[in-house]
Amino acid sequence: MGIFSRLAQLIKSNLNDLISRSEDPEKMLNQIVLDMNNQLVEAKKQVAASIADEKRLAKQFEQETANAAEWERRAMMALRAGNEVLAKEALARKREHDELAATFKDQWTKQKTAVDQLKKALRLLNDKIEEAKRKKNVLIARKKRAEAQKAIQETMSGLRDASAFETFDRMSQKIDQIEAEAEAQGELAEEYTGDGLAQQFSQLEKTHSADEDLTALKRKMGMLPPEEAKAPEAAVQARVEAAPATGAPATQNEQDELAAALEEMEAEQVQQEKMKAGR
């Protein structure tokens, strides 16, 4: 094989490969359907021209038949007038029109058969084009679905590297550690900088209020007898006297503060009981 033949074959193979890789199935299908539609338009034009010829031949056949009938009528009129020579001439003219009518009839019959075949072929071509359109839509849908699947697979292949997910987990752990340290610092700040006595009274008020609500609910349901009125002063005095000594003996000021706090709590309790009884 000569060098020029090899070079020509190399160029041809490269061109074929370039064309194959540049072909877009969707564009190619659309172009094919467009070409088919153009061919269908041309075929319709040809069939329309054939139908026009068939109609023209039919009209010529009818016209020649009418002419022959007219000359026959004239020949009969000449015979009635006693002019046989004129009648023969009229019959000769009638024969010419009969021959033309026969010719046009034969041509019209053949043309009509051809037109029927062309119409049938045109219907088949139209059906094939419609089928091609439907197949084109299906093929394009398959192509788009395949491209979407390919894109998903490429994306998943790109995410096979676990470094991104490991970074997310590491950042999540860091955020958990920061939240735990913040909560620990808050607890320490509350424990060492808060008012211990106020916190104790706050906890006592919460517990006392919950006990009172439970007792009131039991009385409302009839599980406990109605509460009898108590003297606030006596209860306060009894609680003050019954308060245990913890650590060093309490001073008079501390006892007064405690008695005032207990008295205030008893007043709130009486007020709550009156409100519940009023309901």
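This note goes through the predicted model point by point, from overall fold to single side chains.

1. **Basis.** The model is predicted: local features need pLDDT of at least 70, side-chain atom pairs count only at pLDDT 80 or more, and totals for chains, interfaces and linings use all residues. Residues are numbered from 1 along each chain as its sequence is written, and side-chain values use heavy atoms, with hydrogens and water left out.

2. **Fold.** The protein has seven helices and zero strands. Along the sequence the pattern reads α-α-α-α-α-α-α. Helices (H or I, at least four residues) and strands (E, at least two) are DSSP runs, numbered from the N terminus.

3. **Contacts across the chain.** A contact means heavy atoms within 4.5 Å. Take the contacts between residues at least 6 apart in sequence: 75% of them join residues at least 24 apart.

4. **Burial and surface.** Of the 279 residues, 12% are buried. Buried means under 20% relative accessible area, exposed over 50%, and partly exposed in between (1.4 Å probe, protein chains only). The accessible surface comes to about 22600 Å², and carbon and sulfur atoms hold 56% of that. Areas come from the Shrake-Rupley method with a 1.4 Å probe; for residues, only the protein chains shown count as cover.

5. **Salt bridges, overall.** The count is 10 salt bridges. The rule asks for a side-chain nitrogen of Lys or Arg within 4 Å of a carboxyl oxygen of Asp or Glu.

6. **K45 and E42.** These two form a salt bridge, with the closest N and O atoms 3.9 Å apart. Both lie in helix α2 (residues 25–80), three residues apart, about one turn of the helix. K45 is exposed at 52% relative accessible area. E42 is partly exposed at 43%.

7. **E70 and R73.** Here the N to O distance is 2.5 Å, again a salt bridge. The pair also sits in helix α2, three residues apart, about one turn. E70 is partly exposed, with a relative accessible area of 28%. R73 is partly exposed as well, at 42%.

8. **K112 and D116.** This salt bridge has its closest N and O atoms 3.8 Å apart. K112 and D116 are four residues apart in helix α3 (residues 84–158), so about one helical turn separates them. K112 is partly exposed at 36% relative accessible area, and D116 is partly exposed at 39%. Elsewhere, salt bridges that share partners join E70, R73 and R74 into one network.

9. **Q111.** Q111 lies in helix α3. Its relative accessible area is 19%, so Q111 counts as buried. A polar atom of the Q111 side chain lies 3.0 Å from the backbone oxygen of S50. Leaving out residues up to four places away in sequence, Q111 touches S50, D53, E54 and L57.

10. **Nonpolar patch.** Which residues form a nonpolar patch on the surface? They are L217, M221, M223 and L224, with about 410 Å² of accessible area together. Patches are made of residues with over 30% relative accessible area and no salt bridge; like charges are joined within 9 Å, and nonpolar side chains (Val, Leu, Ile, Met, Phe, Trp, Tyr) within 5 Å. M221 lies in the loop between α5 (196–220) and α6 (232–242). M221 counts as exposed because its relative accessibility is 56%.

Definitions and conventions: A polar contact is a pair of N or O atoms within 3.5 Å; within protein, one must be able to donate a hydrogen and the other to accept it, and residues adjacent in sequence count only if both atoms are side-chain atoms.
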